[in-house]
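Morning, everyone. A quick walk through some side-chain interactions today. Here is the structure.

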Amino acid sequence: MATGPSTASLSRMLVRASCRVVLRAVGVRTGVRAAGPVPAGLLIANHFGWIDIVSLLAHVDCAFIAKREVAGWPIIGWAARRVGVIFIDRTRKRDLLRAIPAVTAALRAGRRVLLFPEGTTGDGTALLPFKSALVEAAVQARVPVVPIAVTGRTRSTDAGALCWIGEETLLANVPRVVALRDARVTIHVGTPLAVGPCRKLLTHRARQAIASMTGGSALRGERPGTLDPTGAPSLSVLATGHGGR
């Protein structure tokens, strides 16, 4: 007898749809550049604000690893719980002993799990050092590591508004993003790294791949009129739903 989507699958579809609604509401266009469907494995991405989380969840069916404070964020916290986020207490190093087996189990079950190895948001001008501890889960599960670069462009020179850093509150950052009205976030999916025995080497290679895809800076503000007025990215882009199945 044929069965429909599971409750978990329906929840993830609802989250994906909700994230797209949020992106439309704040006026941020998104797209994915990839050679094919996003493979299962540990996805490693750069991180500059809440907008990259929403953009990734809008296009890629995945769980992600987040600091425990994320659970209390409006909308994002709700979405995080629905997609099976693995929360971690960054103030307790021993929490890795709980988190790594949890991530390993999700990877062995065939889930995509997203990790922001910088451990915090950057200002988009350069990558922060990557932490390798949680990459151990990919080694133990024997799944590929997939480097993902998230970039943003705006017609305004204030591309930094896409960043959420320092002591700025979410309520203060959202109006800055909305004020841009013409921002575009692109998710670049790199070539999966082969399964390997060394988390530090995998982390290093993932960082190199992301640095190459961002071209040194994840965010670019440009003068009015210099972006494609259609908003279409320059290469092939799967605008919606890519990799989410």
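This is a predicted model: local features need pLDDT of at least 70, side-chain atom pairs count only at pLDDT 80 or more; totals for chains, interfaces and linings use all residues.

Buried, in this talk, means under 20% relative accessible area.

Start with Arg12. Its relative accessibility is 17%, so Arg12 counts as buried. Its partner is Asp61: the two side chains form a salt bridge, 2.8 Å from N to O. What does this pair tie together? Arg12 sits in helix H1, residues 7-26, and Asp61 in the loop between helix H2 (50-59) and strand E3 (63-67), so the bridge links parts that are 49 residues apart in sequence. Asp61 is buried as well, at 12%.

How many salt bridges are there? The count is seven. Another of them joins Arg92 to Asp95, at 3.8 Å, N to O. Here Arg92 is partly exposed at 46%, while Asp95 is buried at 8%. Then there is Arg176 with Glu168, at 3.1 Å. Arg176 is partly exposed at 32%, and Glu168 is partly exposed at 22%. Back to the opening pair: shared partners join Arg12, Asp61 and Arg111 into one salt-bridge network.

Now the rings. Aromatic pairs: zero. But Arg207 lies over the face of Phe130, 5.6 Å from the ring centre.

Last stop, Thr214. Thr214 belongs to helix H7, residues 199-214. Buried or exposed? Thr214 is buried, with a relative accessible area of 7%. Its side chain reaches the backbone oxygen of Ala211 at 3.1 Å. Beyond neighbours within four places in sequence, Thr214 contacts Asn46, Ala149, Thr151 and Arg220.

Conventions. Residues are numbered from 1 along each chain as its sequence is written. Side-chain values use heavy atoms; hydrogens and water are left out. Rings of Phe, Tyr and Trp (its six-membered ring) pair if their centres lie within 6.5 Å; planes under 30 degrees apart count as stacked, over 60 as edge-to-face and the rest as tilted. A charge sits over a ring if NZ of Lys or CZ of Arg is within 6 Å of the ring centre and within 35 degrees of the ring normal. Helices (H or I, at least four residues) and strands (E, at least two) are DSSP runs, numbered from the N terminus. Buried means under 20% relative accessible area, exposed over 50%, partly exposed in between (1.4 Å probe, protein chains only). A polar contact is a pair of N or O atoms within 3.5 Å; within protein, one must be able to donate a hydrogen and the other to accept it, and residues adjacent in sequence count only if both atoms are side-chain atoms. Contact means heavy atoms within 4.5 Å. A salt bridge is a side-chain nitrogen of Lys or Arg within 4 Å of a carboxyl oxygen of Asp or Glu.
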